[in-house]
Amino acid sequence: MHALTNNTLEIAPRKTMRGHTDQVRGILHLPGRRSIITCSEDGSLRLWDLESGAQIGKDWREERNNGAVFTIALSPNGDTVASGSDDGNVRLWDVETGEVIAKWTGHTDWVRSVCWGANGQRVVSGSDDGTARVWDVKRGNTVLTITTGSQWVLTAIYSPNSTKIATGVHRESGVKIWDSKTGELLATLKHDYQVWSVVSWTSDGERLVSASYGSVRIFDTATWRRIAILEGGTFDVYTLCLSRNGRLLASAPDDQTVHLWNLNKSIPVGPPLQHEGNVRCAAFSADGKLLVTGCDNNMVYVWDIYDILKQAGFEDLLSLPNVSVNGISPKTTLISHL
């Protein structure tokens with residue numbers, strides 16, 4: 001087996017989706033369907049057909065609200081989308097109707113990150129007000145507020161068993177790990193520069209992947225020690241996306257590319273995926289065969305990952321264990337956003 005590491009082979013996207021009128025900030029795959037949902041700074045969520053690349057139905061918008069939507073996450077049962085916006089609110093959307101079914105207030109600044117707990121009863125959100133809030137989904141109220149001591153919480157995400165929350169914050173060189181019930185600070189994972197994106201623990205909960213300027217770092221969650229560094233060049237790494245089996249990683253530095261990595265061996269796989277804008281979000285399909293990316297040029301791109309892995313001799317990276325990640329069933333996949 002070998003890895004293709006040169007830039008001589010340029011890979012074209014399988015599909016390009018056009019329709020958003022501002023930066024695309026979030027992507028998720030719907031379980032059991034060949035469709036995705038995206039969110040954008042144009043204030044909309046949109047449903048797309050993966051095969052044709054066409055938008056399905058009308059834009060999802062809340063009446064009288066056109067503010068930017070920075071983040072989306074799918075509930076474990078696949079029925080509800082949580083979103084975070086520049087008005088400081090967290091909203092829940094019904095997947096079948098595209099309508100808002102709940103709106104939670106409490107944050108006083110932009111909401112940059114949302115993540116569901118494993119049982120679907122909690123959502124954690126991260127905001128530019130410097131806090132991460134844990135919400136009771138049924139009641140719609142805040143049950144825990146974590147004051148990070150930093151300016152902006154760019155990412156807040158649950159561990160697979162929902163006992164911990166990881167936050168990445170603005171102007172701070174590290175990831176903080178918190179007890180999800182008490183809000184106690186458990187550990188700080190140091191970086192040389194500020195952290196832009198925390199992906200998740202791997203499905204077995206044994207590793208955490210995070211990114212900052214020029215590199216991606218992998219930590220052992222038993223000791224919180226760094227076990228590997230993936231060098232990503234001389235640009236901020238804004239977006240990370242981990243396949244459900246924890247073997248394949250996509251990283252997007254701020255240079256209009258996406259890099260694929262064999263996470264077990266910490267080596268690159270295939271040439272960079274060239275884009276026409278900086279990548280702001282990415283999501284693997286449930287089987288890992290497709291990667292969808294969203295950019296600051298308002299476009300969404302679909303990439304054939306299976307073909308890339310086949311050429312590199314790494315088809316085994318797509319084998320799927322029967323496990324869940326962050327409470328999401330094996331029919332769905334993770335998202336990444338900033």
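Let us begin with one residue. Leaving aside its neighbours within four places in sequence, Asn262 is in contact with Arg247, Ile267, Val269, Phe314 and Leu317. Please bear in mind that the model before you is predicted.

Is Asn262 buried or exposed? Its relative accessible area is 3%, and since buried means under 20%, Asn262 counts as buried. The side chain of Asn262 also has a polar atom that lies 3.1 Å from the backbone nitrogen of Asn264.

Where does Asn262 belong in the chain? Asn262 has its place in strand β22. This strand covers residues 257-262, and five of its six residues are buried, so β22 is largely enclosed by the rest of the structure.

I turn now to the partners of β22. Strand β21, residues 248-253, pairs with β22 in the antiparallel sense, over four bridges. Within this pairing, Leu248 has Asn262 of β22 as its bridge partner. The two strands, β21 and β22, form a hairpin, and three residues lie between them. In that turn, Gln256 has a positive phi of about 70°.

A second hairpin is formed by β22 and β23, with four residues between them. Here the turn contains Ser266, whose phi is positive, at about 55°. Strand β23 consists of residues 267-268, runs antiparallel to β22 and is joined to it by two bridges.

Which strand has Leu273 as the bridge partner of Val258? That strand is β24. Strand β24 comprises residues 273-274, and two bridges join it to β22 in an antiparallel arrangement.

Let me close with another part of the model. Here there is an open sheet of four strands, in the order β10-β11-β12-β13, with antiparallel pairing. At its edges are β10, residues 111-116, and β13, residues 142-147, each of which pairs on one side only. From one strand to the next, the twist averages 15°. How many bridges join β10 to β11? There are five, and the two strands run antiparallel, with β11 covering residues 122-127. Among the residues involved, Ser113 has Gly126 in β11 as its bridge partner.

Thank you for your attention.

Definitions and conventions
Residues are numbered from 1 along each chain as its sequence is written. This is a predicted model: local features need pLDDT of at least 70, side-chain atom pairs count only at pLDDT 80 or more; totals for chains, interfaces and linings use all residues. Side-chain values use heavy atoms; hydrogens and water are left out. Buried means under 20% relative accessible area, exposed over 50%, partly exposed in between (1.4 Å probe, protein chains only). Two strands pair if DSSP finds at least two bridges between them. Axes are lines fitted to C-alpha atoms, for helices over the stretch in contact, and angles run from 0 to 180 degrees between N-to-C directions. A polar contact is a pair of N or O atoms within 3.5 Å; within protein, one must be able to donate a hydrogen and the other to accept it, and residues adjacent in sequence count only if both atoms are side-chain atoms. Contact means heavy atoms within 4.5 Å.
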